[in-house]
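I opened the model to look up helix packing, ring pairs and strand pairing. My notes follow in the order I took them.

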Amino acid sequence: MDVLETSKLVDEELYSRQLYVLDMPAMQRIREAKVLLSGLQGLGAEVAKNLVLMGVGSLTLHDPHPTCWSDLAAQFFLSEQDLETSRAEASRGLVAKLNKAVQVSVHTGDITEELLLDFQVVVLTTSKLEEQLKVGTLCHELGICFLVAETRGLVGQLFCDFGEDFTVQDPTEAEPLTAAIQHISQGSPGILTLRKEADDHYFCDGDLVTFSGIEGMVELNGCDPRPIRVQEDGTLEIGNTATFSCYLRGGAVTEVKRPKTVSHKPLAVALLQPHMVAQSPQEVHRAQCLHQAFRALHQFQHLHGRLPKPWDPVDAEMVVGLARSLEPLKGTKGEPLDEALVQTVALSSAGGLSPMAATMGAVAAQEVLKAISRKFMPLDQWLYFDALDCLPEDGEPLPKPEDCAPRGCRYDGQIAVFGAGFQEKLSWQHYLLVGAGAIGCELLKGFALVGLGAGPSGGVTVADMDHIEHSNLSRQFLFTTQDIGVSAGPYAHLASWTVLAQCLPPATHTPTPSIFLFSSQRLKAEVAAEATHRLNSDLQVTPLTMLLDPTTEHIFGDNFFSRVDGVAAALDSFQARKYVAARCTHYLKPLLEAGTQGTMGHASVFMPHVTEAYRAPTSTLASEEATYPVCTLRYFPSRVEHTVQWARDKFEGLFCLSAETINHHQQVLTSLAETDGPQVLTLLQEVLGILRERPQTWQDCVLWALGHWQLCFCYGIMQLLNHFPPDKVLEDGTLFWSGPKQCPQPLEFDANQDTHLLYVLAAANLYAQMHGLPGSRDQTALRGLLKLLPLPVPQHLAPNSPNDPKLAPASAEYGPEQLKKLQEVLEVWNGSPPLKPLKFEKDNDSNFHMDFVAAAAILRAQNYGILPANRSQSKRIVGKIIPAIATTTAAVAGLVGLELYKVVGRPRPLSAFRHSFLHLAENRFNRWVPFAPAIQKFHHLTWTCWDRLKVPAGQPERTLKLLLAHLQEQFGLRVKMLLHGRSLLYSAGWPPEKQAQCLALRVTELVQQVTGWIPKPGQRVLVLELSCEGEDEDTTFPPLHYEL
């Protein structure tokens, strides 16, 4: 079955973000796979959730053991009502509800060879070593991929056995290298010259490549993979081309990835000859000690029928003794056993923690996907992950056994590690979560399970203004299909206003009626809050359906943040993260932050006065705000992104801005002519195109679309080449069309070419929609109609804007004649119904929006010899879509949860905290201690980014003169300049008269007079910035907090 057939079985909209990480063949293998999952405690629940969200074909659950209290600390499919019920049976309904396309069943008997034959992958969690060895041996003999996953307190273990001859079809997440071709010589070897572009292409000797889109030397197109040699000048030797046709133009060279073969040992062998996934020799030794600790725990459990009691020193010492007596591991360098590490593992091993289950469950689920899809290299073969840094540092008191004993409550698994006192402290917290997307939902789940804010005085506020979309459901498990296209009801926002009433003055307590409107899609914050409350009925989650940005600082202001203990950010924009981080720095609140891209993810913690503050990567911020030069898009595209943005701009101009302009300016021609006339005339002439009156029929729309095809991809290019012929030479002797400027070629319309037909089909339908006319999806009929229509000739087409950057129109060049033309064009639509502006929507596959953009971008790329983007790639570029998958999302949320333990607990030193980075596709797992905040000095003052100068306003309020005197007396600072935002309040360089006027004013009066500032409701601080005499250029004084 080919990809075109099988893709029909995959919901491409649902898995759109995931398909950017995987691909359609891999996704189809996932949809057809059968997985057995044994063990449904917290770790098993995480594996099940991830696999179902990602669309595995069928999942069979196995766990006959009854639900107990300690399960509820990490198992979110279970509740108090499920106690004494089989974990698998109790979980099945909610697991199946996550994705109706996945078959979820329960196996109640033993795991036998006959049962195993029905599965491609088997995963054991929370199983005894005897069962692991039995099932692992069978799976290895039967060629079934086998995994063992387990967590004990703050340590996790994962083992993979994919057999002795497992082929990985696509070893890396990176896209194959692709580069545009400048020239290929005939010879032995043939020399390929790459086009000079901004981006470097790092081909290596021995890489296999193939070719596409070449004109002339067509023998290379689609050839079998050829090895290359990279020359010093960057050209590529590509083998013998002596007998091939002469190269003319265009084409691309593309890397062909090589499959890799993996050989795994069975568990019985790997147990004594472990191969560890680790980043350094120190990590290898630590993993080996943890390996022995797990073996000793299995022995303890076998001897006593239970795990060690929480923080029981006697049981822990017994585990250490068992570890000492174990057969040494083969292949090790004889490093001594770290007995203190083994003891710590044993002391806390009875617990089950949600963050650990989330992290290890994500990694385990990703390994299942690797086994099924044969995409990305699997673990080789043992992974150990520990977060023992969450426990007290050396010398600090450890939890007491009596404080960690079971209470018969949902937090017993967590109390076993941290104690009841810490659990109570968690319940007091009030946290703000910014973002209720994929990571936000995972964090809310974690908050509910750990009991963050679940006490009477605690709570969580979640802020997000987005609606739920179908594509969210493959990663955001708090949402269901019922939340799409369902009205939120007129009172859905009331919970938000309960909090706002405490933040705003009385006049604003009553919500504006216009807010309470029925919506076709529910809001993420509201649904996530309801779903989280169902996970833990003691946790009150308040949704705020609004942005956290400068426009809402009257809501998220001093009063609001005074009640917040910490902030978690789950945002997909560095700009938004930067703003939230600045608010945390201002209010001295801890910030927990996470993000993902494909199988890469990070989690970070920022503690006031302990770690450095958040800093968004400068390059990333710049790329988020980057725009392409207009002349590049119009005349000199060199990258596929240029062609897609050009197509997106065409959509906006033709089908949105033009309709808005016509509707708005039909009656205000004079005003329009004085300002935007030139640009409007060009746009509207293009919108009218070959027609001379408003379209009346579908055929009129097709005729317009055909004319516009000719204008953009044929005559417009010919016009540009008239200005700049292919052989044009500049004054310095270089060719005009060289370097990034690629000489374009006009296209000839051919209705038999799919892309040509798709462009006309999409453009004609959009034109019809804009004019309120019926469209058509009949491609056969359209192809027949196009064969009957004559191709428009240049003089009948509306003139394109001059295709010469130096001849770009200016308002001054448009005199009475041009204004008359503008009036004539506008009169075409006079007296007719208003046009319908089309707002671009990338996620609706039936509206022709992406069809138009994708087809236009491909044709534009063909004009300029650029390797075109397919529809999926165009959608990703135009929508700035970040590839995403449920496993990475869950992993970073778990890592955030581990840092939360440290933030909420007693004050911790810098060495306790960890930033984390993971790359699941490449088996990279890094954690490191954050940097301390940089210390700045000025004379006797020292400060960091967390410090500020505090000055009370006083009663009566002090004047500016008194404020400056106070700063000099209290801090030794002689102020040169004082600013509020970007407004200068005072300068020592001003004339004496102006200084005297300012110095006599009270500070708030001065700020109001200069900036128009009005105090926000509940505002307690006015933030000022200062510059002082004697400062260095790089000195940044702490902000002055003028306390009102």
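I started with helix α30, residues 871-879, where S874, K875 and V878 are buried. Buried here is under 20% relative accessible area, exposed is over 50%, and partly exposed lies in between, with a 1.4 Å probe and protein chains only. Helices (H or I, at least four residues) and strands (E, at least two) are DSSP runs, numbered from the N terminus.

I noted the source next. This is a predicted model, with local features needing pLDDT of at least 70 and side-chain atom pairs counting only at pLDDT 80 or more, while totals for chains, interfaces and linings use all residues. Residues are numbered from 1 along each chain as its sequence is written, and side-chain values use heavy atoms, with hydrogens and water left out.

What do the buried residues of α30 pack against? They pack against α22 (640-665) and α29 (849-864). I then checked both ends of α30. N870 caps the N-terminal end, with a side-chain oxygen 3.1 Å from the backbone nitrogen of S872. Just after α30, K880 takes a positive phi of about 50°.

Ring pairs came next. I found 34 aromatic pairs in the structure. Rings of Phe, Tyr and Trp (its six-membered ring) pair if their centres lie within 6.5 Å; planes under 30 degrees apart are stacked, over 60 edge-to-face, and the rest tilted. F651 and F840 have ring centres 5.2 Å apart and planes at 75°, so this pair is edge-to-face. F651 lies in helix α22 and F840 in the loop between α28 (816-827) and α29, so the pair ties together parts 189 residues apart in sequence. Both F651 and F840 are buried.

F938 lies in strand β25 (residues 936-938) and F1037 in the loop between β30 and β31, so the pair ties together parts 99 residues apart in sequence. Both F938 and F1037 are buried.

Ring pairs also build a cluster, whose members include W646, F651, W704, F840 and F852.

I moved on to strand β30, residues 1021-1028. Of its 8 residues, 6 are buried. Two strands pair if DSSP finds at least two bridges between them. Strand β28 (residues 975-980) pairs antiparallel with β30 over 4 bridges, and L979 has E1025 as its bridge partner. β30 also runs antiparallel to strand β31 (residues 1040-1043), joined by 4 bridges. There L1022 is partnered by Y1042.

Which order do the strands of the 7-stranded open sheet take? I read β11-β10-β14-β8-β9-β13-β12, with antiparallel pairing. The edge strands β11 (226-227) and β12 (229-230) each pair on one side only. Inside the sheet, 2 bridges join β9 (residues 191-194) to β13 (residues 236-237). L192 stands opposite L236 there.

The protein has 34 helices and 31 strands. Of its 1044 residues, 56% count as buried.

Terms used. Contact means heavy atoms within 4.5 Å. A polar contact is a pair of N or O atoms within 3.5 Å; within protein, one must be able to donate a hydrogen and the other to accept it, and residues adjacent in sequence count only if both atoms are side-chain atoms.
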